[in-house]
Amino acid sequence: MRAVIVAIGVAFLISLFCTPIAIKVFARLKAGQPIRSNLGLASNEGKKGTPTMGGVVFILATVIAYVAGHLALTTLPDAQIAQVEPTITALVLLGLMVFSGAVGFIDDFLKVRKRHSGGLNKRGKLAGQILVGAIFGVVALYFPSTMYDVSGNRTNAETVGSTTLSFIRDIPALEIGKIASVIVIILVVMAATNGVNLTDGLDGLATGASVMVLAAYGLIAFWQYRHWCADPNYTEAYCYTVRDPLEIALIAGAAAGACVGFLWWNTSPARIFMGDTGALGLGGLIAGMAMSTRTILLLPIVGALFVIITMSVVIQIISFRTTGKRVFRMSPLQHHFELAGWSEVNIVVRFWIIAGIGVAIALGLFYSEFLAAVS
């Protein structure tokens, strides 16, 4: 627990105090977010030139905090499980975050360079997401762990991902094999990255929602660690078969802490935007959290806000192409309410409430499954 708290604190402080530095640097480099002024959105007023690519800050803060958390982990006396060395789990989770963020960074860089909101074309962005998902999907499924307890006995040989679809845990009847599982991971990465990216559009909206989702996965992973099948001192018949749950909790906590620090500067009126760098990076990490905690089918509930906003875009496109009519005044959904006269702050706070409800329901389902099993 101490390592997780250290990671959260370090990530928060780095993000809180380094974001103003990033604001100055990006402003000097004229890395401002191109704003389309012909949309009629009140939220766009006065935002032209606001520095973008702020996701660089909380991605770096998460990586540094992970290292700090491990330094704290090595000082724990008589650890039950020798989990002090970096693992494949960390490589997959941080890799998904960093390299998904890199795809977003290319998009942001092109926007800034061209002084246009176009950026990386859809095919290029899609190819980048597929490549990142495929690489780390293979790593997650083809490299089993080699975990040892304090007595030197091998206790766990799990992969980060699973060849079985999962809800609260793996569902044995839904065994699909490694190749199909890699495809599922790619689809989850694409869905999560695009979901967070579509949600990013109002000051603090995607950042605050991501904090809730990451905090939920931190709680899930730590609960799994406390009831871990690889722990020789855990004697209950009911446990979770996952890979490195403490690593997952540490990274989720670090990312959540980094986002809270960033939110200080990203909330309305935002002094910096996360850009596609941050949105795709967070989406990649969230996808990795669902995969590594074996809760892939629970992800749509944990990230309910991302799903709702993504579906608003899908519905709008299908309706316009089939009937020529629009269901919403504008998509994504947050802009529909802007055109309906809601203030930006009202939309953000109310959408945060929706995100919180989704997280609460998901945690309730997760814990209720545990209670039902142990009873």
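Buried means under 20% relative accessible area, exposed means over 50%, and partly exposed is in between (1.4 Å probe, protein chains only). This is a predicted model, where local features need pLDDT of at least 70, side-chain atom pairs count only at pLDDT 80 or more, and totals for chains, interfaces and linings use all residues. Residues are numbered from 1 along each chain as its sequence is written, and side-chain values use heavy atoms, with hydrogens and water left out.

**Exercise 1.** Work out whether Asp 276 is buried or exposed, and find its salt-bridge partner.

*Solution.* 
- Start with the area: Asp 276 has a relative accessible area of 6%, so call it buried.
- Next, the partner: Asp 276 pairs with Lys 125, with 2.9 Å between the closest N and O atoms. A salt bridge needs a side-chain nitrogen of Lys or Arg within 4 Å of a carboxyl oxygen of Asp or Glu.
- Now place them: Asp 276 sits in helix α8 and Lys 125 in helix α4 (residues 122-142), so the pair ties together parts 151 residues apart in sequence. Helices here are DSSP runs (H or I, at least four residues), as are strands (E, at least two), numbered from the N terminus.
- Lys 125 is buried too, at 16%.

**Exercise 2.** Find which residue meets Arg 294 in a salt bridge.

*Solution.* 
- Locate Arg 294: look in the loop between α8 (275-292) and α9 (299-302).
- Check its area: at 3%, Arg 294 is buried.
- Name the partner: Asp 170, at 3.0 Å, N to O.
- Asp 170 is partly exposed, at 25%.
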